[in-house]
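Me: I'm new to this one and would like to go through it step by step. Could you take my questions as they come?
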Amino acid sequence: SHSLTDYRRLEAGDEMTRYSDRPQRSFKYETSLSYQYFLDFPKFTMYIIPEYNYAQSYSSDCRNYYKLDNSSASLWSIGALGSKKGSINGVVDPANSYDSRRWNGTNTAALELYMYSKRDDYLNISMTPRIQFRNLYDRIEYYRAGTDTTIRRTRWFAEPSLELRIDENNQKGLEYHWKLNYSLTHSAPSLLYSVRYRDDATPLVVRESGSNLSAMHQHSAVLSYSRSLIKKRRFLTASLTYTLWENMVCQAMSYDMSSGVYTYRPDVISGNWNIEGNVRYETPLDKAKSWKFTTQSRISFRNSRDYLNTSGSAAPSVNSVGRLLASERFDVNWHRKLYSVNFTANLTLNHSESARFQTLNAIDYDYGVRGQMPLPAGFEAYAEMRMYSRAGYSDDNYNTNQLIANIKLAKSLFKGKIRAELEVFDLFDKMSGYSY
């Protein structure tokens, strides 16, 4: 890839022209093997499933970075720079040029047990415990001004998971399903973070590295429930999800108020977690089932933590942000043959707070109608009108009300092999540049 960027310092009035040539290559292959063994017992049945997987990957990343400030080459096009690289070797920036090659090999051995009970009633109970062991081998060769290094790393991970499921079908069209899942996964930070270097290719932004970071651990638990009346077409689903991240990789940021320079350095932090609940209900509104009503509710809270400091601080301090999202969606649909009408309303409440930032209490909502109908000569007409509104943002440019209308005319040709469409989007020209 190639990039050509001009920077201008307003206080000094000088310009900086930077050219980057960055060829990249990569490949990946993997192979796997599994076997299924069946065991039958008086009260339950079991499947024993051993698995093995091997994956190998390679990637190379080379960046040649040139400072073209005030040179004749600063006036060349990006195509000319690419074809005349020999002419600009004298302005290469060795401190921000590098050559990196990375190899990764992963061996995974797993054992899964699938067990379900034998019962005479309509209740089915199954359990699936699983354990997998991963061996990661990483190697990086990195060349940069002041840096010529090869780093190797080997890590072992044990990752257990469990699924418990209860299903009931009373043979009269009523079904219940309960499911509980838990999993623990690990991931190793990029080996590039272990290489010691300093990169200031982007003005006012410095990126540093050289840390041997701990592996990240992710705990996930999901509890879900569903109830279905098949004949009456009534469906209820609900779920609760919890996720905890330990040693999550973040970019610790420090800001020098005197120079305006931001410095980023990779680090790990714990205490990031998220909990989310969802409920969905669907039911017909008439005996002919031409009308259908659907509601979807969602509420989530995420606690996000990272590091932040300013000049004068001895060390970065923890910055925490709590974000609560609550949303509701209503749909009423009517259909008969090739005719259909859909009424929809959405509401989202967004509350975010932090000791370092202004508290946000914002509301996003929209409502509208969409329909389609057949026309003579095989044409189809589609129309939609929707009002999008936002309120509660500190910048009034985002507190908008936009009425958006779209119309589309379509026709299938040559027995459906070709479809022609003509669409008029934003008929009233109300779409704002500050939209979503």
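Me: Let me start with isoleucine 299: which strand is it in?

Reply: Isoleucine 299 has its place in strand 17, which covers residues 291-310. Please keep in mind that this is a predicted model.

Me: Is isoleucine 299 buried, partly exposed or exposed?

Reply: Isoleucine 299 counts as partly exposed, because its relative accessibility is 48% and that class lies between 20% and 50%.

Me: And what does isoleucine 299 touch, leaving aside neighbours within four places in sequence?

Reply: With those neighbours left aside, isoleucine 299 is in contact with Ile275, Glu276 and Gly277, and also with Leu324, Leu325 and Ala326. As for asparagine 247, 52 residues away in sequence, its C-alpha atom is 26 Å from that of isoleucine 299.

Me: You mentioned Ile275; which nonpolar patch on the surface is it part of?

Reply: Ile275 belongs to a surface patch that also includes, among others, Met127, Trp178, Tyr182 and Leu240, and the patch residues together have about 820 Å² of accessible area.

Me: Which strand gives the most to that patch?

Reply: Strand 9 does, with three residues. Strand 8 (147-169), strand 9 (174-187) and strand 13 (234-246) each supply at least two residues of the patch. Leucine 240, for example, lies in strand 13 and is partly exposed, with a relative accessible area of 43%.

Me: Changing topic, how many salt bridges are there in the whole structure?

Reply: A search of the whole structure finds 25 salt bridges. One of them joins the side chains of lysine 292 and glutamate 282, at 3.8 Å from N to O. That pair links distant parts of the chain, with lysine 292 in strand 17 and glutamate 282 in strand 16 (residues 272-284), 10 residues apart.

Me: Are lysine 292 and glutamate 282 buried or partly exposed?

Reply: Lysine 292 is partly exposed, with a relative accessible area of 32%, whereas glutamate 282 is buried, with 13%.

Me: Now aspartate 366: is it buried or exposed?

Reply: Aspartate 366, found in strand 20 (residues 360-374), counts as buried because its relative accessibility is 16%, which is under the 20% limit. Its side chain makes a polar contact of 2.9 Å with the side chain of arginine 386. Not counting residues up to four places away in sequence, aspartate 366 touches several residues, including Ala345, Met387 and Tyr388.

Me: Where is alanine 345, then?

Reply: Alanine 345 is in strand 19 (residues 339-354), and at 27% relative accessibility it counts as partly exposed. The C-alpha atoms of alanine 345 and aspartate 331 are separated by 6.8 Å, although these residues are 14 apart along the chain.

Me: Last one: why is strand 2 described as largely enclosed by the rest of the structure?

Reply: Strand 2 (residues 15-21) is described that way because six of its seven residues are buried. Strand 2 also pairs with strand 5 (residues 44-67) in the antiparallel sense over four bridges, and aspartate 21 stands opposite asparagine 64 in strand 5.

How values were computed
Residues numbered from 1 in each chain as written. Predicted model: local features only at pLDDT ≥ 70, side-chain atom pairs only at ≥ 80, totals over all residues. Heavy atoms only, no water. Patch = residues over 30% accessible without salt bridge, like charges linked within 9 Å, V, L, I, M, F, W, Y side chains within 5 Å. Areas by Shrake-Rupley, 256 points an atom, 1.4 Å probe, with all protein chains shown as cover. Salt bridge = Lys/Arg side-chain N within 4 Å of Asp/Glu carboxyl O. Buried < 20%, exposed > 50% of the residue type's maximum accessible area, 1.4 Å probe, protein only. Pairing = 2+ DSSP bridges. Polar contact = N/O pair within 3.5 Å; in protein donor to acceptor, adjacent residues only side chain to side chain. Contact = heavy atoms within 4.5 Å.
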